[in-house]
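Work through the following exercises with the sequence and the model side by side. Try each task yourself before you read its solution.

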Amino acid sequence: MNKIPNRKAICDVLLEKAKTDRDIVVLCSDSRGSASMAPFFEQYPEQSVEVGIAEQNLVSISAGLAKCGKKPFCFSPASFLSTRSYEQAKVDVAYSNTNVKLVGISGGISYGELGMSHHSAQDIAAMSAIPNMRVYLPSDRFQTACMMKALLQDEKPAYIRVGRNPVEDIYQEDCPFEMDRAVVIRDGNAGEAVSGGKMDWEQMGEVDVTIVACGEMVRPAVRGAELLKEKGIRTLVLDMYCVKPLDTESLVKAAERSKLVVTAEEHSPFGGLGAVVSQVVAAQCPKKVINLALPDAPVITGKSQAVFDYYGLNGEGIAKTVVESLG
Amino acid sequence: MRELTAKSFELRQVVLDMIMQSGGGHIGGDFSVMDILVTLYFKQMNISPENMDDPERDMFVMSKGHSVEAYYAVLAAKGFFDTEKLIREFSTFGSKFIGHPNNKLPGIEMNSGSLGHGLPVCVGMALAGRMDGRQGRVYTVMGDGELAEGSVWEGFMAAGHYKLSNLCAVIDRNRLQISGGTEEVMSHENLADRIRSFNWNVISVNGNSIPELNAALEAAKDEKEKPTCIIANTIKGFGGGETMENKAAWHHKVPGREEYEIIKAELTRRKEEALHE
């Protein structure tokens, strides 16, 4: 079992890139420990900014740095970053078009037992609704690293959400990655994971179900596909780490070949991956879509895995939903 | 300085025409802040249409974005865009001259409008300037009603903590906001002391006197240990005479035809007075 959380993968990429790029600046709001960014602060004090527990300041200061040519990455728990500093993200980052990368750490219900104040179950909805803001939820450490390298190449705003805990590896060192293209992890047969942009859709036959997931829900989606395979149900799994801009091409190609589409996300049932997938599928290739998400309520207290299990956000739950729906 | 004072009344006339044409705008704050903007753009800041790509230029953020008419009028006078076009197109359908500053227009660094953003953004700019060893200074202009936003004090806190002496914040202290007097809405008693306690250098001046403002901005450059805040004590509606001055109702009132003529005559009179003082 992998012991490296995605946040650590982010730090490793920034540590490496900062060797040659003096414009990378990391900002934290008393969150360098939980962000795994303490090594960056130690190694590059001149490129690190501590703002204290002040998320509005965190984002506005980042915007000012970006306006002067810096490449700020600002880290704060996703619950605070996505709502406490929402207006700063909207006005100073997205509307002013500053090159700020907002990194929401301990996202979703990572802090399961700490209560709703510390959960970010609305960040996808909130951030997606801002024009000129991109939203990414990478699944494992390898994809996180690939995505970070890609984000360092552009100069546009983005919101990235990662969880607190290590997640089991989905990919390997040479993971298939293209910016803003979903990854086809299971193609319904026995094929290997490929990026949607390189997928040979013409060669691919019909499947029974497509599962679309992002972030920490990708691993349960893969597990669900394995359980379904045992039952002879052909399952395609899309890792939609790019919730905005959504890879609509891969989604539609997959949905066209499926009887059913199921989405799984660590988010409220409103305005997240499920909502946008439903929107696209309904408009472009109408199929039944079932959204699996957290409830529209404060979630039950417990460690995140126990909470996921309780709400059926695991391989078994996903497989059960598919079996019941397909009859 | 006399010419600049005269110019400030000329630019208030541009503001008046923009507001008459569009049927909306924040005229009271435009008139109070005008001398601050004129002093910054014509005496202090190294900002022009020619140097907007120069990393060594000074940086400016108009935090009180609702005084956009004054800001646009000054930018037009600096040559960033055409004054006649500005008056004609301000706030019209599809116009680039939106009713709050936006950086699709030349000369504008950051979009603003929601209050309490300018100072924290300028903290970031000042930190970047320090990291890169740049000579340029960073300026923002805030309103006094805006001081009720908590984010302003986050900005004061960080700038004082990091001793950003390359940062200067000017407060347009006109003591009026949309609902009435600032001291009744949310008081800022001992404002200078409050800001000083955040490790800032604070200077209070007559904010409708270009010579006084200029002297304060010069003094700010000599401060090497702390950021400087200039409390510019102004009169809301300054230049509009008895009709407008010190009246909360003029926060965003559009003058009637008769009022327009009275204000215009007053602005012309003050301009002449400034030139022949």
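**Exercise 1.** Decide whether D23(A) is buried, partly exposed or exposed, and find which side chain meets that of D23(A) in a salt bridge.

*Solution.* Begin with the cut-offs: a residue is buried under 20% relative accessible area, exposed over 50%, and partly exposed in between, with a 1.4 Å probe and protein chains only. D23(A) has a relative accessible area of 26%, and is therefore partly exposed. Next, recall that a salt bridge is a side-chain nitrogen of Lys or Arg within 4 Å of a carboxyl oxygen of Asp or Glu. The side chain of D23(A) meets that of K70(A) in such a bridge, at 3.1 Å from N to O. K70(A) lies in the loop between α3 and β3 (71-77) of chain A, and D23(A) in the loop between α1 (6-17) and β1 (24-28) of chain A, so the pair ties together parts that are 47 residues apart in sequence. Here helices (H or I, at least four residues) and strands (E, at least two) are DSSP runs, numbered from the N terminus. Finally, K70(A) is buried, with a relative accessible area of 3%.

Before you go on, note that this is a predicted model, in which local features need pLDDT of at least 70 and side-chain atom pairs count only at pLDDT 80 or more, while totals for chains, interfaces and linings use all residues. Residues are numbered from 1 along each chain as its sequence is written, chains are lettered from A and ligands numbered from 1 in the order in which they are written, and side-chain values use heavy atoms, with hydrogens and water left out.

**Exercise 2.** Describe the salt bridge of D247(A) with R181(A), and then the one of E324(A) with K320(A).

*Solution.* In the bridge between D247(A) and R181(A), the closest N and O atoms are 3.1 Å apart. This pair links distant parts of the chain, 66 residues apart, since D247(A) is in the loop between β11 and α9 of chain A and R181(A) in the loop between β6 and β7 of chain A. D247(A) is buried at a relative accessible area of 3%, and R181(A) is buried at 19%.

In the bridge between E324(A) and K320(A), the closest N and O atoms are 3.5 Å apart. Both residues lie in helix α12 (residues 315-326) of chain A, four residues apart, which is about one turn of the helix. E324(A) counts as exposed at 55% relative accessibility, and K320(A) is exposed at 52%. Over all chains, the count comes to 37 salt bridges.

**Exercise 3.** Work out how helices α1 and α2 of chain B are packed.

*Solution.* Two packed helices are described by the angle between their axes and the distance between the axes. The axes are lines fitted to C-alpha atoms, for helices over the stretch in contact, and angles run from 0 to 180 degrees between N-to-C directions. Helix α1 (residues 2-22) of chain B packs against helix α2 (residues 27-44) of chain B at an angle of about 135°, with the axes 9 Å apart. Angles under 35 degrees count as roughly parallel, over 145 as roughly antiparallel, 65 to 115 as roughly perpendicular and the rest as oblique. α1(B) and α2(B) are therefore oblique to each other.

**Exercise 4.** Which angle do helices α3 and α5 of chain A make?

*Solution.* Helix α3 (residues 55-67) of chain A and helix α5 (residues 86-95) of chain A pack at about 5°, with their axes 9 Å apart. That makes α3(A) roughly parallel to α5(A). The contact is made by Q56(A), V59(A), S60(A) and A63(A) of α3(A) together with Q88(A), A89(A), D92(A) and V93(A) of α5(A).

**Exercise 5.** Examine the backbone at D180(A), at N199(B) and between K244(A) and P245(A).

*Solution.* Most residues other than glycine have a negative phi, and most peptide bonds are trans. D180(A), although not a glycine, has a positive phi of about 65°, and D180(A) is partly exposed at 22% relative accessible area. N199(B), also not a glycine, has a positive phi of about 70° and lies in the loop between α8 (191-196) and β6 (201-206) of chain B. The bond that joins K244(A) and P245(A) is a cis peptide bond, with omega about 0°.

Terms used: Contact means heavy atoms within 4.5 Å.
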